[in-house]
Amino acid sequence: WIRTGGKVMPKACTLKRITGWSACAGSSTANIGLFKVTPVRDNSGTVSAVELADISYTALGNNKMEDHDVTSFTATAIAAGDMLFTAVKSQSAKIQYFSLTVEVEF
């Protein structure tokens, strides 16, 4: 999880909104996921990611951007120390780019 470039949340908060832009080659369905993990110090047990949001859209091709404004989530509670990270899924051999802003309420 540390290698994914996740962000550690300094305080407990509630997920409120995700806004941003993406582009993906082709015209198939593309997905951007926002996940959290809750690490436990000195514990080598299995840690599973919890999906907070799945942004699913139809790719418009690399030259056209899709906008995102998400306010409905799979889960909204984020604890102090949780790590947030993103993951993408798109059609085989189709590159996807994105930039998102995650809004939370402390």
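This is a predicted model: local features need pLDDT of at least 70, side-chain atom pairs count only at pLDDT 80 or more; totals for chains, interfaces and linings use all residues.

Trainee: OK, so where does E105 fall, buried, exposed or in between?

Mentor: E105 has a relative accessible area of 47%, so it is partly exposed.

Trainee: And which side chain does E105 meet in a salt bridge?

Mentor: That of K16, with an N to O distance of 3.9 Å. The pair ties together distant parts of the chain, with E105 in strand β8 and K16 in strand β2 (residues 13–24), 89 residues apart. K16 is partly exposed as well, because its relative accessible area is 39%.

Trainee: How many salt bridges are there by this rule?

Mentor: The count comes to 3. In general, side chains of opposite charge can pair when their charged atoms come close.

Trainee: What does R17 pair with?

Mentor: R17 meets D69 in a salt bridge, at 2.6 Å from N to O. Here too distant parts of the chain are linked: R17 is in strand β2, D69 is in strand β5 (residues 66–70), and they are 52 residues apart. At 32% relative accessibility, R17 counts as partly exposed, and D69 gets that label at 47%.

Trainee: And which side chain does D82 meet?

Mentor: D82 meets K36, 3.7 Å from N to O.

Trainee: Are D82 and K36 buried or exposed?

Mentor: D82 has 1% relative accessibility, so it counts as buried. K36 is buried too, because its value is 13% and the cut-off is under 20%.

Trainee: Switching to strands. What does β2 pair with over 10 bridges?

Mentor: That's β8, and the two run antiparallel.

Trainee: How many bridges join β2 to β5?

Mentor: There are 5, and those strands run antiparallel. I18 has V70 in β5 as its bridge partner. β2 also pairs with β6 in the antiparallel sense, over 2 bridges, where T14 stands opposite A77.

Trainee: What's the strand order in the open sheet of 4 strands?

Mentor: β1-β7-β3-β4, with antiparallel pairing. β1 (7–8) and β4 are the edge strands, each pairing on one side only.

Trainee: What holds β1 to β7 there, in bridge terms?

Mentor: 2 bridges join them, running antiparallel. V8 stands opposite M83 in β7.

Trainee: What does N31 touch, leaving out residues up to four places away in sequence?

Mentor: D54, I55, S56, A87, V88, K89 and Q96.

Trainee: S56 is on that list. Which strand is S56 in?

Mentor: S56 is in strand β4 (residues 50–58). With a relative accessible area of 46%, it is partly exposed. Its contacts are T29, A30 and N31, again not counting residues up to four places away in sequence.

Trainee: How far is S56 from G45?

Mentor: Their C-alpha atoms are separated by 31 Å, though the two residues are 11 apart along the chain.

Trainee: Last topic, pockets. How much space lies in the largest pocket?

Mentor: About 210 Å³.

Trainee: Which elements give two or more residues to its lining?

Mentor: Those are β7 (83–89) and β8 (96–105). β8 gives the most, with 4 residues.

Trainee: Which residues line the pocket?

Mentor: The lining is T4, G5, G6, K7, L34, L84, F85, T86, F98, S99, L100 and V102.

Note on methods: Residues are numbered from 1 along each chain as its sequence is written. Side-chain values use heavy atoms; hydrogens and water are left out. On a 1 Å grid over the protein atoms alone, a cavity is a set of points where a 1.4 Å probe fits but cannot get out, and a pocket is an open set with protein on both sides within 12 Å along at least five of seven lines; lining residues have an atom within 4 Å of a point. Grid points are joined across faces, edges and corners, and a volume is the space filled by probe spheres set on the points. Buried means under 20% relative accessible area, exposed over 50%, partly exposed in between (1.4 Å probe, protein chains only). Contact means heavy atoms within 4.5 Å. Two strands pair if DSSP finds at least two bridges between them. A salt bridge is a side-chain nitrogen of Lys or Arg within 4 Å of a carboxyl oxygen of Asp or Glu.
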